[in-house]
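Biologist: Please show me the structure. I would like to go through the terms used for it.

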Amino acid sequence: MKKLTRVMCVEDDPDIRLLIEMSLAIVGQLDVLCCASGSQALASVTAFAPELVLLDVMMPGLSGPETLCALRQLPAMQGVPVVFMTAKAMPAEVEQLLLHGATGLIVKPFDPMTLARDLQPFWEHGRGSS
Amino acid sequence: MVQADSAGDAAASDGLAARFAALQRHFVEGLPARWSALALAPRGSDAQRAELHRLAGAAGSFGYTALGQAASAAEHCNDVELGAALSTLKALLWLAIKAETAQ
């Protein structure tokens, strides 16, 4: 089975960003690009060509859902799975986030030792539906 | 060979634990600044709740479960309960700092 290898992470909190980077790059052995904002992600996404995007929901500037909408305008990003990451996980909010076109949701706090493994099913599901 | 692999695995695991501990220390060193941002934001404002939201997500992921839960409780409580929730959060936050500096 093919494995996920390339992930872009968009997270405004620098501590969480470092933790995600360590978790995905060192524990998960993935090729990772971390961005501090939605606009930074939009500027880098075409060159990096991620197989999956991990996207924080609440960010200053472009929010997660706004970033997702902008990413989906890019031809190369139309079939790429996007997984939201949030500390808010009320069922109505989850449904709302999925309606924005996200493939899934990872709830914070997350386990840095299993994050890379937790993303794999979203990638398989996202590829299957694209 | 098995022994060598085991030694390699152990070294990798130690390296990972050391990196995680360094990130954890860095997170705790930043807690006073996070508290300042919370304390300076108008009580119950969107800015204060956004800071609480960030702390809730970060603290739990770094292993500070009680601190994360206290931040989440403060984020979601009403304005009447907010003072008490912030006091609890402040106490847990300083406990985390004290525990880290004692190591």
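Biologist: What pattern does chain B follow, read along the sequence?

Modeller: Chain B reads α-α-α-α-α. Helices are DSSP runs of H or I with at least four residues, strands are runs of E with at least two, and both are numbered from the N terminus. On that count chain B has five helices and zero strands. This is a predicted model, in which local features need pLDDT of at least 70 and side-chain atom pairs count only at pLDDT 80 or more, while totals for chains, interfaces and linings use all residues. Residues are numbered from 1 along each chain as its sequence is written, and chains are lettered from A and ligands numbered from 1 in the order in which they are written.

Biologist: Why is chain B called more spread out than a compact globule?

Modeller: The radius of gyration, taken over C-alpha atoms, is set against the globule rule, 2.2 Å times the number of residues to the power 0.38. For 103 residues the rule gives 13 Å, and chain B has 18 Å, well over that, so chain B is more spread out than a compact globule. Along the principal axes, its C-alpha atoms fill a box of roughly 65 × 25 × 20 Å.

Biologist: What makes residues of chain B and chain A part of the contact, and how many does each chain give?

Modeller: Two residues are in contact if their C-beta atoms, placed from the backbone, lie within 7 Å. Chain B gives 18 residues and chain A gives 14. On the chain B side, H1 (2–29), H3 (46–61) and H4 (65–76) each supply at least two residues. The largest share, eight residues, comes from H3(B).
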